[in-house]
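This briefing covers one protein chain, topic by topic. Please read the points below alongside the sequence and the model.

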Amino acid sequence: MTILGRPARLSAWLLASLVALVALGGCQSTTQIVRPGGDSPAPAAERRNPADPAEVERRARTRLELAALYFSRGQNATALEELRQAQAARPDLPGTHSLRGLILAGMGEFGQADESFRRALQVDPRDGDAMHNYGWFLCQQRRFDDADSQFRSALALPQYPDTVRTLLAQGVCHARSGRWPEAELALSRSYELDPSNPVTAYNLAEVLLRRGELERARFYVGRINALPDLVSAQSLWLAARIERRRGQLDLVAELGRRLRERFPQSPEALQFERGRFDD
């Protein structure tokens, strides 16, 4: 979850949230057709005209959905093959270039990923998802100003539906670049729109700790730790760091006890044992 000590963990969460997976309700399996001599009729899917524009669209979208699903499972090579078939069926299908950029970025092919994101925005300069995904990619490449430009462009779109997600990414990116006031502003706006999101609350608390706003930081991480299903080693460790800064050593000890009992093998428990509160 954390934005600073363990950026990879938050990166994984955000990356999983970047691609909106469409439910594969339309990808129903069909009974195998009985070949010569059989009496079973061909299923409806096999009676479709493959050249019909609606059928071409259906096949392309199915491939795109499968590509996104494989990508979410870390099967990048398979995702790229599904995406290739989607683009072969319909080269102008929205979302294909942006998803290709995400997949290639996950494979470490950063130059090709950059080209795919730019191509997505050439095809549709008002594609908010592509702006968001490209912005997060640029942030990972430490191109912070360029990333912020993409986030701002997405947020400026009329009726943009993913404001919460983009503000979260923007806030995390500001924090990575050490722009603490800007990070606080973006994360606070995201939290106001969705106060139930523990990732936003966690990162806002981390930023407030960095800014010395201890009471406010304590409030946000406390909301996470008050719910058993949301408590994590990271949230307990963050709370312990905040209480240590506040000089509340009894609370630090209690948080350490909870951390050791619930997450004894976690890196955070080890950091607590070693007293590495300021790393």
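**A buried histidine and the overall picture**

His132 is buried, with a relative accessible area of 0%; buried means under 20%, exposed over 50% and partly exposed in between, with a 1.4 Å probe and protein chains only. The model is a predicted one, in which local features need pLDDT of at least 70 and side-chain atom pairs count only at pLDDT 80 or more, while totals for chains, interfaces and linings use all residues. Residues are numbered from 1 along each chain as its sequence is written, and side-chain values use heavy atoms, with hydrogens and water left out.

**Chain as a whole**

- The chain has 15 helices and zero strands; helices (H or I, at least four residues) and strands (E, at least two) are DSSP runs, numbered from the N terminus.
- The chain has 279 residues, and 43% of them count as buried.
- Its accessible surface is about 14,700 Å², with 49% belonging to carbon and sulfur atoms; such areas come from the Shrake-Rupley method with a 1.4 Å probe, and for residues only the protein chains shown count as cover.
- Of the contacts between residues at least 6 apart in sequence, 54% join residues at least 24 apart, where contact means heavy atoms within 4.5 Å.

**His132 and helix α7**

- His132 sits in helix α7, which covers residues 128-140.
- The side chains of His132 and Thr166 are joined by a polar contact of 2.8 Å.
- A polar contact is a pair of N or O atoms within 3.5 Å; within protein, one must be able to donate a hydrogen and the other to accept it, and residues adjacent in sequence count only if both atoms are side-chain atoms.

**The disulfide**

- A disulfide is a covalent bond between the sulfur atoms of two cysteines.
- With a disulfide taken as a pair of cysteine sulfur atoms within 2.5 Å, the count is one.
- The bond is formed by Cys139 and Cys173, whose sulfur atoms are 2.4 Å apart.
- Cys139 belongs to helix α7 and Cys173 to helix α9 (residues 163-176), so the pair ties together parts that are 34 residues apart in sequence.
- The torsion about the S-S bond of Cys139 and Cys173 is about 120°, so this disulfide is right-handed.
- Cys139 is buried at 1% relative accessible area, and Cys173 is also buried, at 4%.

**The cavity**

- There is one cavity of 30 Å³ or more, and the largest cavity has a volume of about 30 Å³.
- The lining of the largest cavity consists of Phe144, Asp148, Phe151, Gln170, Cys173, His174, Ser177 and Arg179.
- Helices α8 (144-155) and α9 are the elements that give two or more residues to this lining.
- On a 1 Å grid over the protein atoms alone, a cavity is a set of points where a 1.4 Å probe fits but cannot get out, and lining residues have an atom within 4 Å of a point.
- Grid points are joined across faces, edges and corners, and a volume is the space filled by probe spheres set on the points.

**Positive phi in two loops**

- Most residues other than glycine have a negative phi.
- Arg142, in the loop between α7 and α8, has a positive phi near 65°.
- Arg142 is exposed, at 58% relative accessibility.
- Gln159, in the loop between α8 and α9, has a positive phi near 55°.
- Gln159 is exposed, with a relative accessible area of 81%.

- Ser72 lies in helix α3 (residues 53-72) and is partly exposed at 46% relative accessibility.
- The side chain of Ser72 reaches the backbone oxygen of Leu69 at 2.7 Å.
- Ser72 and Ile103 are 31 residues apart in sequence, and their C-alpha atoms are 9.5 Å apart in space.
- Asn76 lies in helix α4 (residues 76-89) and is buried, with a relative accessible area of 17%.
- Leaving aside neighbours within four places in sequence, Asn76 is in contact with Phe71, Ile103, Gly106 and Met107.
- From C-alpha to C-alpha, Asn76 and Leu102 are 9.7 Å apart in space and 26 residues apart in sequence.

**Phe219 in helix α12**

- Phe219 lies in helix α12 (residues 214-225) and is partly exposed at 46% relative accessibility.
- Phe219 and Ala239 are 20 residues apart along the chain, with their C-alpha atoms separated by 9.6 Å.

Conventions
1 Å grid on protein atoms, 1.4 Å probe; cavity = no way out; pocket = protein on both sides within 12 Å on 5 of 7 lines; lining within 4 Å.
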